[in-house]
Amino acid sequence: MNTSLLSVSFLLIIFLGTVSARSRGFSQEDQAQCQLQRLNAQEPSFRIQAEAGESEIWDWKDDQFRCAGVVAARHTINPRGLFLPSYSNAPLLMYILKGNGMSGVLMPGCPETFQSSQESQDDEKSTRFHDQHQKIRRFRQGDVIAIGAGWTHWCYNDGNEDVVAIVVEDTGNNLNQLDQNPRKFFLAGNPQQGFQGGAEQHHQAHQKGEKQNAGNVFHGIEEEFLVQIFGIDRETARKLRGEDDKRGHIVRVEQGFQVISPPSRKEQERRSENGLEETLCSTKLIENINYPSRADIFNPQAGRFNTLTSYDLPILKSLKLSAERGVLYRNALVSPHYKLNAHSILYCTRGDAKIQISDQSGSCVFDEVVREGQMVVVPQNFVIVKEAGEQGFEWVAFRTNDVAMQGTLAGRTSALRGLPADVVAASYRVSREQAMRLKTNREQTLIFESRSGSPRVAAA
Amino acid sequence: MNTSLLSVSFLLIIFLGTVSARSRGFSQEDQAQCQLQRLNAQEPSFRIQAEAGESEIWDWKDDQFRCAGVVAARHTINPRGLFLPSYSNAPLLMYILKGNGMSGVLMPGCPETFQSSQESQDDEKSTRFHDQHQKIRRFRQGDVIAIGAGWTHWCYNDGNEDVVAIVVEDTGNNLNQLDQNPRKFFLAGNPQQGFQGGAEQHHQAHQKGEKQNAGNVFHGIEEEFLVQIFGIDRETARKLRGEDDKRGHIVRVEQGFQVISPPSRKEQERRSENGLEETLCSTKLIENINYPSRADIFNPQAGRFNTLTSYDLPILKSLKLSAERGVLYRNALVSPHYKLNAHSILYCTRGDAKIQISDQSGSCVFDEVVREGQMVVVPQNFVIVKEAGEQGFEWVAFRTNDVAMQGTLAGRTSALRGLPADVVAASYRVSREQAMRLKTNREQTLIFESRSGSPRVAAA
Amino acid sequence: MNTSLLSVSFLLIIFLGTVSARSRGFSQEDQAQCQLQRLNAQEPSFRIQAEAGESEIWDWKDDQFRCAGVVAARHTINPRGLFLPSYSNAPLLMYILKGNGMSGVLMPGCPETFQSSQESQDDEKSTRFHDQHQKIRRFRQGDVIAIGAGWTHWCYNDGNEDVVAIVVEDTGNNLNQLDQNPRKFFLAGNPQQGFQGGAEQHHQAHQKGEKQNAGNVFHGIEEEFLVQIFGIDRETARKLRGEDDKRGHIVRVEQGFQVISPPSRKEQERRSENGLEETLCSTKLIENINYPSRADIFNPQAGRFNTLTSYDLPILKSLKLSAERGVLYRNALVSPHYKLNAHSILYCTRGDAKIQISDQSGSCVFDEVVREGQMVVVPQNFVIVKEAGEQGFEWVAFRTNDVAMQGTLAGRTSALRGLPADVVAASYRVSREQAMRLKTNREQTLIFESRSGSPRVAAA
């Protein structure tokens, strides 16, 4: 599709329908703290170990994350590991960096449409077992999973390698009516404190490397109450409350899940194409952004961009989030550009790139080589430029709007091209001919190959 | 209507249309203050006495109210008492706890469609009197009245008993563009300071029990100006400014209102059913949530819920507020549940209940018996569980979203039921059979009767 | 059009569609600072001089502007002056106080639909020059120009007198996801620091009258990078970065723009009437609010109001801004009124008026004669009343909502008229006959002529 036309459609949505689900919300005090005069590539600050995996969390009190109103984490789930059911106070996107598995997202009010049954051999006698539950979705490398605020979800790794997922929670989103601290409510287990952002002391505890246990939501209800409500014995109530559970938030399922058998990925996609996903309860929550064949911008000499907006995955419209997957070849460049209506949280998945970010006063607030595993927060309107290293550069970026509009400053769709040559000439004190060259030198859109003969390439 | 289906419809709205009218808006400083580690049942903190009634106001600077962005009050209007015309900086819901009367809500731009006329005997000669004014609505016990930000409204008690109303103003709502302080603008009288939340000192004055007078909005315009604008004499201008008016914000109308005669309730409802309420100016603002026959959830052994959302009363869509009325029988239980997209402000109207609230770290942040006249703020996502006392428990709850979505943790629509038994078993370290019992033990939706034979009931 | 009906339509929009794009966002700390107990008419605090014009900026850290979440400026562009291309972190409205010229607003993704060509005489040989660029719009006195957050725009004065423009940026708007500081991103030149609100020290520097230079966004990208990206030589890269450019943000174009020739105003309007403006890229961004013949409220003895809402200029729906132009004749009055859903930022364009503003406690928080060139911020819900001086009073007001609803307290559409006479009588302790007079004395809507025989006029 023609990029200009595509962008026009994007614009249409913005103007005709979408209201930002975010507000500044920053007080005078915060403003002094949001100067963002020095951004930097960050690695996770805290690590929370569990029986069958671990979570690494970026410091959400750091200026960059706090000002963007996001919390980021990297979860590693070992084979046969189950990330316990939980819900968050903010909508989130999860990118599957590695591995594959299955996930359940429970939307309140949705029916139990999946059935499992099995001839089981428990207790040395054969019994027929039946179960009903909500839809299970399979995920694999390159998938983005969208999860709303307050939706209970769980993940299980039924593969043979670790599942690694990058998660960005948008705590600054309007869907979160409380403060900007991350709040993860577990329905089971006895997860460690790291997920609880409510209190400064917890935050400090993490920084000191201390570990505290924190219970699941049933832990806040007394045993006797649970006995009454669920009609269970005290022993089970104690288990519900997660007492003495040392497994952490990712637990090992020794025999694996024997009963559950979600439809295969292909089957799921076939059903989807058949138009069977008709109700909200079966709405699509997962989309892969790793297919080169589905790239939105492609330059065979330089790389590609896949974007995932609410056009592709309509649920994003209510979550006000979107994502982008980028692949740059060796030494390729990305035109200077900015997001008009969103912050961008960029995670490098492979390779490295030299990145510079300019703020409103023309200060270079970021000038680093970003490497695999590092994260960069690009504030709304700040101008970013990238040049891939010798190994190329790959990343996934999360944006705080469901259709993130982009302004570019070089190339075929750039602002310079939209300016009359006379304005360019007067603005930059160049001749009209030089102005035309500034406008037209780069014919590509957003991604440029390294120029042969240019000093940098020569040096390479 | 099937509850699952109902919830699905709710979900649809949330995803397909509704944008939250609220944002976190909390700064770093506030976050430290929003830890909400200890909630408690509250009674009003200030009392403002007037000629024909009084208002009791909850302390909106208290953490619970401040973090939820709401201000709550209980107004008592004596027979023949008129609550003077005023408007607020925030949308509000009013629940009529007791009594009945009439109310005028003036929407700017709406026509004067009501006519009053009377043969009057003023000055000992008979004169014919004609008046035109905006629509008047009757209200009675169990009604919820919805009033937008900036809409002038008045209430008059033409019954024989006190009118008692619980009001929650949503100052954290996006419709309020200034700060979160309550601001009530009176059009007449000389109301006491308690309604003015703009200044810290007033707040302190209340806490010390001091009383200060504050004028109506005309008091801020000089007499001479008013003479000019209204074409009146100085004496009337002084009355407009409320000078020397000691009656307070609820005044006694000695002879009552002789002229006004709104259509009876039945007449109003008949007109409404005939589809005559076609324009916004005649949109429905009042709905009763006390009819057992209109319950949304009903369990003959345990109690009932009536909810009032923007589906029932479309004006709520713009106000981003909704309400719920609950009745629990003796010892009945409400399943642990949380609101996905709203805070809940619960006021006990009768009886008592043991209530526990769990936060994201599994801490019990509330564990009290809540009694008639007390208010509890339940933050978004926090899990609440209730058990009615010997006399049962009745309440009204106000929510900061027009369709408040709910997640339950036990019973027929619960998250546990949506989880595969294998996931439940692994999460809680129980056998698959115990998992099935956890999922299915409670067949009811949200409200459970007390279990016979259980320890608690046995002790009762 | 009947005013009541008009207002009803306004209401309909508010209720049926529009969600406020703003939230309070004020913390406890701010609340203490938002008491607004003393407003005052303000003149600009900083002046930023440039080669071909200057900008004067109101102090956005002042309580009035900070609490309303807006930043205001007055730009003067000399003949042949070009305001360099820039974009802001907030949507803005610009009112052309004087002069005329042309403006380009670049929306990302929109095509270059304008062509320029010329036989040029450069280098003493005739060459044919072709250029393509985005749409150019002409503007003239009385125009309001609407510009979205992040849209690059430039202005050029091709007339013979200075262009003077009043600009209000809505930094509190949801479209701005960062803090409330103004951030202006220039694409060229080396503009002075005054536009950069990110840092407290800059603000202080202004207050001390110091001048600091700040670069355009390319200044934050290193020269070598620019050489690569644009395929240009180092000299041009240095020009792109604005090095040694002393011209400031408004530069002189010595020979003027020879190539650019936008269609004439009449031609533009003819095209518009023909329904040719079909896509977003050609959406109308400019509307004149100075035509007496298009007044929304008109009183031949007192004056007129022209309003510009999202009904008139649909793009305002996404910007959540609107404007009003008012003209009062000698000694004419404006009824006490308030905006239900917006702040108002009023700029006096001619004459003077006595203005009083009342807050929620009936305190007169503003009581001044406002003169040409001064600005007043009227917070949401605060009641304002105006009386023009001997020379009359003219103003333009900017509002922080796309359809600002208004409540009036005197005249034909007033709240008093909507109240039953009995309620008025009881509220103000007057007889029913006096109540009728209060309701009906003023037959006009909003604008009243000075009453002959009244003391004030007699004294005049």
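Me: What makes strand β3 (residues 71-77) and strand β12 (residues 163-169) of chain C a pair?

Reply: They're joined in the antiparallel sense over 7 bridges. Two strands pair if DSSP finds at least two bridges between them, so β3(C) and β12(C) qualify. One of those bridges links I77(C) to V163(C) in β12(C).

Me: Before we go on, what am I looking at?

Reply: This is a predicted model, where local features need pLDDT of at least 70, side-chain atom pairs count only at pLDDT 80 or more and totals for chains, interfaces and linings use all residues; side-chain values use heavy atoms, without hydrogens and water. Residues are numbered from 1 along each chain as its sequence is written, while chains are lettered from A and ligands numbered from 1 in the order in which they are written.

Me: Which strands make up the open sheet of chain C, and in what order?

Reply: There are 7 of them, β1-β2-β3-β12-β5-β10-β15, with antiparallel pairing. β1 (46-50) and β15 (286-288) of chain C are at the edges because each has a single partner strand, which leaves one side without a neighbour in the sheet. From one strand to the next, the twist averages 20 degrees.

Me: Why are α10 and α11 of chain C called roughly perpendicular?

Reply: α10 (residues 421-428) and α11 (residues 432-440) of chain C pack at about 105 degrees, their axes 8 Å apart. That makes α10(C) roughly perpendicular to α11(C), as 65 to 115 degrees counts that way (under 35 is roughly parallel, over 145 roughly antiparallel and the rest oblique). Axes here are lines fitted to C-alpha atoms, for helices over the stretch in contact, and angles run from 0 to 180 degrees between N-to-C directions.

Me: How do you know that α10 and α11 of chain A meet, and which residues do it?

Reply: Contact means heavy atoms within 4.5 Å. From α10(A), A421(A), D422(A), V424(A), A425(A) and Y428(A) meet R432(A), A435(A), M436(A), L438(A) and K439(A) of α11(A). By class, this contact of α10(A) with α11(A) has 7 nonpolar, no polar and 3 charged residues. Here Ala, Val, Leu, Ile, Met, Phe, Trp, Tyr, Cys and Pro are nonpolar, Asp, Glu, Lys and Arg charged, and the others, Gly among them, polar. D422(A), R432(A) and K439(A) are therefore charged.

Me: What makes β10 (residues 143-147) and β15 of chain A a pair?

Reply: Those two share 3 bridges in the antiparallel sense, and D143(A) has N288(A) as its bridge partner in β15(A).

Me: How do you know where the domains of chain A lie?

Reply: The assignment gives domain 1 as 25-271 and domain 2 as 291-448; such bounds come from an automatic or database domain assignment. Their contact takes 32 residues from domain 1 and 33 residues from domain 2 of chain A.

Me: How much area do these two domains of chain A bury between them?

Reply: About 2600 Å², 70% of it on carbon and sulfur atoms. L39(A), A41(A) and L93(A) supply 21% of what domain 1 buries against domain 2 in chain A, more than any other three residues. Buried area is the accessible area (1.4 Å probe) that two parts lose on being put together, summed over both.

Conventions: Helix = DSSP H or I, 4+ residues; strand = E, 2+ residues; numbered from the N terminus.
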